[in-house]
Amino acid sequence: MNQWTVDVTEQDFEQAVVERSHEVPVVIDFWAPWCGPCRAIGPVLEKVAEEQEGKFILAKVNVDENPMLSQAFAIRSIPAVKAVRNGAIVSEFLGAQPEPNIRQFIEQLLPSEADTLAQEGVRLEEAGKLQGAESIYRAALSKAANHPQALLGLARVLVQRGEDAEALLLLSRV
């Protein structure tokens, strides 16, 4: 295991998965030691978690030791893998999958370059560095022209400068 892979129990699930998913995507691997397919995909998930260096957290839930979680998530067969972002399941798959499919599943969860830039813009804006925030928001929009967070952030910055017409044009794209 690595620092981005955690064993999760019923006692720490809320903090380790739900709360953490507001900071970074969390992939839940429902597994059991006796499950052959689980032993096949578990190492692949762990390897990808290590390669991504914290861009997502892998939460491993042993279904035998955590029956309440299995019941809460209606786990009927394993392996079952669920992705959580902002406290909600956003994607999932059942059964063993080839490594390329697992990698694609993970890639779809990770923030895009535009997401990362928009987050940086928010940090700069909150710190009162409006000129820096504007350039970062514009960079995010160059990657994804209709990125909602970047459009809203840039519109806020422009309104503060009195450039309401351009801000309205941006907001019309949201």
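Modeller: Let me start with Glu99: its relative accessibility is 27%, so Glu99 counts as partly exposed. Buried means under 20% relative accessible area, exposed means over 50%, and partly exposed is in between (1.4 Å probe, protein chains only).

Colleague: What should I know about the model before we go on?

Modeller: This is a predicted model, where local features need pLDDT of at least 70, side-chain atom pairs count only at pLDDT 80 or more, and totals for chains, interfaces and linings use all residues. Residues are numbered from 1 along each chain as its sequence is written, and side-chain values use heavy atoms, with hydrogens and water left out.

Colleague: Fine. How many salt bridges does the structure hold?

Modeller: There are 14. A salt bridge here is a side-chain nitrogen of Lys or Arg within 4 Å of a carboxyl oxygen of Asp or Glu. In general, side chains of opposite charge can pair when their charged atoms come close.

Colleague: Back to Glu99, then. Which side chain meets Glu99 in a salt bridge?

Modeller: Lys47 does, at 3.1 Å from N to O. That pair links distant parts of the chain: Lys47 is in helix α2 (residues 36-52) and Glu99 is in helix α4 (residues 99-109), 52 residues apart. Helices are DSSP runs (H or I, at least four residues), numbered from the N terminus.

Colleague: And is Lys47 buried, exposed or partly exposed?

Modeller: Lys47 counts as partly exposed because its relative accessibility is 38%.

Colleague: Next one. What does Glu166 pair with?

Modeller: Arg138, in a salt bridge of 3.0 Å, N to O. Glu166 sits in helix α8 (residues 164-171) and Arg138 in helix α6 (residues 130-143), so the pair links distant parts of the chain, 28 residues apart.

Colleague: Which residues are joined into one network there?

Modeller: Glu134, Arg138, Arg161, Glu163 and Glu166, through salt bridges that share partners. As for accessibility, Glu166 is partly exposed at 29%, and Arg138 is partly exposed at 33%.

Colleague: What about Glu23? Which residue is its salt-bridge partner?

Modeller: Arg20, with the closest N and O atoms 3.7 Å apart. Glu23 counts as exposed, at 64% relative accessibility. Arg20 counts as partly exposed, at 34%.

Colleague: Changing topic: where is Gln52, and is it buried or exposed?

Modeller: Gln52 lies in helix α2. It is buried, since its relative accessible area is 14%.

Colleague: What is Gln52 in contact with?

Modeller: Glu107 and Leu110, leaving aside neighbours within four places in sequence. Contact means heavy atoms within 4.5 Å.

Terms used:
Helix = DSSP H or I, 4+ residues; strand = E, 2+ residues; numbered from the N terminus.
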